[in-house]
Amino acid sequence: MTWYFDPKFLATNVTLAVIFGLAIWQFLSSEEKRQGVARTNAEELGRLYASKIVMQARVSVSSTWSLDAYLKVDSCNVTTSNFDAIAAGIIENYRGISNLQLAPEGTVSQIYPLVNEKQDNRGAIGHALMVDPNRRGGAVSTILKQSTTFIGPVTLIQGGLAVLARHPVFTTHASKYLPSQSWSNEDGESYSTNCSTPESRLADCHFPGPLTRKGEPTYFWGFVTMLALMSDFLETADLAGLEEQGFQYQLVTAAADDPLLIVHSSRASAIDNLGNPVEVEVLVPRLGIDWRLLLEPTGGWQPVSNEFWLQLVLLVCLTFVTGLGVSFLMVGNVRSTYQRRKQLEEEREHRLNLQVLEGRDCLRNMAHPMNVISASDFLSLSAEDLFSLHEGVRDLHRLVVLDTLADVMDFFSLDSERKAVIFSYQWLSWTKKGPNETQLQAMHSALHFYCKAHSISFDDVYVWLDILAIPQCNREMQQLAVYSLYIYASKVHALIIIAPESTHENTGQKADLETYKSRVWTRVEQVANLISNSKDVIFIWSPEGLSQVGDAWIQDIIGIFDAEMTCCRLKHVNQRICDKASLVKPLLGMWYQVKMGMKLGTATPGAKTFSELAETQKSRIFPSHFDFITETGVESKELFSDLVDRIEKLALEDDGKYEENIDTSSTLQKRKTFNRMKASQPVKFCDELPKSQPMSPSDQTENEGMIRERF
């Protein structure tokens with residue numbers, strides 16, 4: 001028997017071969033996992049940027065709805081006379097818009113801006129969309145659909161890509177028939193429409209719209225158009241940030257055969273430039289947007305890392321020379337594990353820092369106008385008018401609309417005698433929105449007490465009430481209003497708690513001050529008001545009058561997460577994220593305001609009170625984790641983690657210049673005439689107003705989570 005058949009030699013070689021094979025398998029598995037993690041991280045990053053594009057699309061298109069609302073109630077042509085000022089304000093606030101256009105009777109008559117460094121729109125003035133054979137079909141289709149048509153991206157004659165949204169406007173003061181029109185193209189070819197005979201009028205010139213809530217007929221007034229160059233439309237998405245993070249990208253249409261390249265990074269200027277990118281959907285079905293965001297690291301994905309080849313060479317040498325392959329394998333595993341852990345820690349660090357910055361910024365901008373009603377108008381509302389909700393009272397010309405945070409501050413300035421009051425209460429029915437009879441009587445009584453105590457008239461007091469201030473029939477506008485509730489609660493002069501002894505209509509359970517105080521969201525609104533003012537402006541109504549809350553009350557309500565939430569009571573059925581998570585950023589923003597106020601010496605008395613209590617009860621107010629309750633058990637999840645320490649560090653390092661750079665200029669002085677019109681002729685977003693329709697318990701869960709759980 002030769003030496004290479006010796007059992008010990010064979011066993012040794014087999015052992016080394018097994019170790020070598022296991023090592024190769026381990027390295028390949030690690031490389032595969034590394035690539036998988038890299039692609040997953042790229043997809044998450046892509047979804048973040050895709051969500052920014054989707055949000056901007058909805059905001060840009062909503063500009064046409066705003067102009068539609070103005071034109072519906074404008075029988076005196078105030079909107080067209082002041083179009084440039086109105087359009088400038090919308091473009092500045094909505095962003096992502098290059099120009100806005102009015103086309104009465106289908107002919108473009110006004111564009112803002114008409115000319116600037118990016119665009120020259122003078123050639124579009126006079127373009128008759130209802131006459132141009134290349135445009136009439138699409139224009140008529142939009143009219144008949146009675147909804148916004150989103151077009152693009154399209155290639156402009158002057159170069160570049162753009163998207164546009166064309167919205168048909170139907171008003172009660174529009175002509176029943178369109179007039180005869182003519183138009184000539186650049187080649188001198190003339191076209192016209194004939195609306196002079198009864199037959200032609202009915203066939204081609206008559207476009208009735210939906211009936212108003214009062215049953216009045218409406219007719220086609222014209223088009224409102226939003227056009228956005230892709231450079232303007234994608235500005236807020238900041239796709240260039242992807243290149244700074246080491247990625248090449250393309251935004252393309254979803255057409256499988258011939259996708260259109262919308263925008264790209266410096267090294268991805270052609271459709272096939274990216275080899276094996278991750279693909280993220282950019283979808284807005286309602287607008288027909290179906291795009292794809294493609295991402296790939298600069299230089300492509302590494303099939304096998306340099307570390308792999310180095311480890312392989314070392315393993316071969318050590319295995320066959322010294323037999324230390326096992327040890328080397330362990331070292332390789334430790335190294336790759338450390339690298340993965342380090343990568344995850346860096347990603348978590350980035351995510352937490354992003355949450356801190358978003359928390360700092362979330363209370364600086366009001367996503368939806370603040371709608372208030374004067375106390376005199378509120379007291380005069382009949383029950384039928386009150387429960388016609390926001391849309392009904394709006395159409396009664398009772399609401400005052402404050403579009404921006406600066407407008408709120410200007411309207412309720414120190415030089416004004418106006419006071420803002422917010423009513424905080426519980427809904428006590430699954431089938432009726434708003435206060436019950438007992439609560440409504442208490443609200444009326446509270447206004448009398450408040451005005452008498454401050455020696456002011458009902459005309460100088462303005463009420464914010466959820467069912468009047470928050471849109472009920474447009475879900476997207478409703479969400480924007482809900483997201484602004486923290487700002488509303490912080491800007492009023494008095495928060496009056498309405499919690500008379502009553503009974504829940506459906507459950508029969510007793511409702512009073514204690515059940516009111518047991519809700520998370522009512523505590524949040526009180527804390528928001530406390531930080532911006534003091535506990536002296538938080539009142540509890542009773543039949544004897546209004547009484548200020550005491551220190552013991554404040555001590556209770558600052559423990560926000562000690563209270564109850566409906567989603568937790570229902571054990572988060574069909575809900576992966578607890579509503580508590582939605583409070584993290586607003587509360588971080590409030591705490592940042594408190595710390596900056598204490599640092600700069602501008603803190604309100606309420607902020608000082610909150611600061612003193614929070615310093616000794618920080619873990620109670622900002623718990624690092626919470627119990628996520630489901631039908632299968634309880635899981636501990638992160639809530640604030642170390643975010644409070646991070647926001648405090650940010651406030652400590654902030655020199656105050658960030659606050660100075662915030663635009664606090666009001667638009668009220670620029671738009672005095674316009675605001676008076678808005679106060680008497682409110683915006684209308686839907687024709688059919690939702691009456692107090694019965695809701696099932698499952699519908700109640702969604703409704704309460706959307707509105708009452710928010711406020």
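Visitor: How do strand 19 and strand 20 pair, and over how many bridges?
Guide: This is a predicted model. In it, strand 19, residues 538–542, pairs with strand 20 in the antiparallel sense, over four bridges. Within that pairing, Ile540 stands opposite Ser547 of strand 20.

Visitor: What sheet do seven strands form, and in what order?
Guide: The seven strands make an open sheet with mixed pairing, in the order 13-12-15-14-16-19-20. Its edge strands are strand 13 (399–402) and strand 20 (545–548), each of which pairs on one side only. On average, neighbouring strands of this sheet are turned by 35° against each other, ignoring direction.

Visitor: Which strands does helix 14 touch where it packs on the sheet?
Guide: Helix 14, residues 437–454, touches strand 14 (419–424), strand 15 (461–464), strand 16 (494–497), strand 19 and strand 20. The direction of helix 14 makes about 120° with that of strand 19. Helix 19 (residues 520–532) packs on the sheet too, touching strand 14, strand 16 and strand 19. Its direction makes about 155° with that of strand 16.

Visitor: Back to helix 14. What span should its 18 residues have, and how far apart are the end C-alpha atoms?
Guide: At 1.5 Å a residue the helix should span 26 Å, and its end C-alpha atoms are 26 Å apart, so the two agree.

Visitor: What sits at the ends of that helix?
Guide: Asn436 caps the N-terminal end of helix 14, with a side-chain oxygen 3.2 Å from the backbone nitrogen of Thr438. After helix 14 comes Ser455, which has a positive phi, near 55°.

Visitor: And which residues of helix 14 are buried?
Guide: They are Gln439, Leu440, Ala442, Met443, Ser445, Ala446, Leu447, Tyr450 and Cys451. Cys451 has a relative accessible area of 5%, and the cut-off for buried is under 20%.

Visitor: Different strand now. Why is strand 12 described as largely enclosed?
Guide: Five of the five residues of strand 12 (residues 370–374) are buried, so the rest of the structure largely encloses this strand. Met370, Val372 and Ser374 point one way, while Asn371 and Ile373 point the other way, and all are buried.

Visitor: What does strand 12 pair with?
Guide: Strand 12 runs antiparallel to strand 13, joined by four bridges. Strand 12 also pairs with strand 15 in the antiparallel sense, over two bridges. Val372 has Val400 in strand 13 as its bridge partner, and Ser374 has Tyr462 in strand 15.

Visitor: Changing topic: how many disulfides does the count come to?
Guide: The count comes to one disulfide. It joins Cys195 to Cys205, with 1.8 Å from S to S. The torsion about that S-S bond is about -75°, so the disulfide is left-handed.

Visitor: Where do Cys195 and Cys205 lie?
Guide: Cys195 lies in the loop between strand 6 (190–193) and helix 5 (198–204), and Cys205 in the loop between helix 5 and strand 7 (219–229), so the pair ties together parts 10 residues apart in sequence.

Visitor: Are those two buried or exposed?
Guide: Both are buried: Cys195 has a relative accessible area of 5% and Cys205 one of 2%.

Methods:
Residues are numbered from 1 along each chain as its sequence is written. This is a predicted model: local features need pLDDT of at least 70, side-chain atom pairs count only at pLDDT 80 or more; totals for chains, interfaces and linings use all residues. Side-chain values use heavy atoms; hydrogens and water are left out. Two strands pair if DSSP finds at least two bridges between them. Axes are lines fitted to C-alpha atoms, for helices over the stretch in contact, and angles run from 0 to 180 degrees between N-to-C directions. Contact means heavy atoms within 4.5 Å. Buried means under 20% relative accessible area, exposed over 50%, partly exposed in between (1.4 Å probe, protein chains only). The expected span of a helix is 1.5 Å times one less than its number of residues. A polar contact is a pair of N or O atoms within 3.5 Å; within protein, one must be able to donate a hydrogen and the other to accept it, and residues adjacent in sequence count only if both atoms are side-chain atoms. A disulfide is a pair of cysteine sulfur atoms within 2.5 Å.
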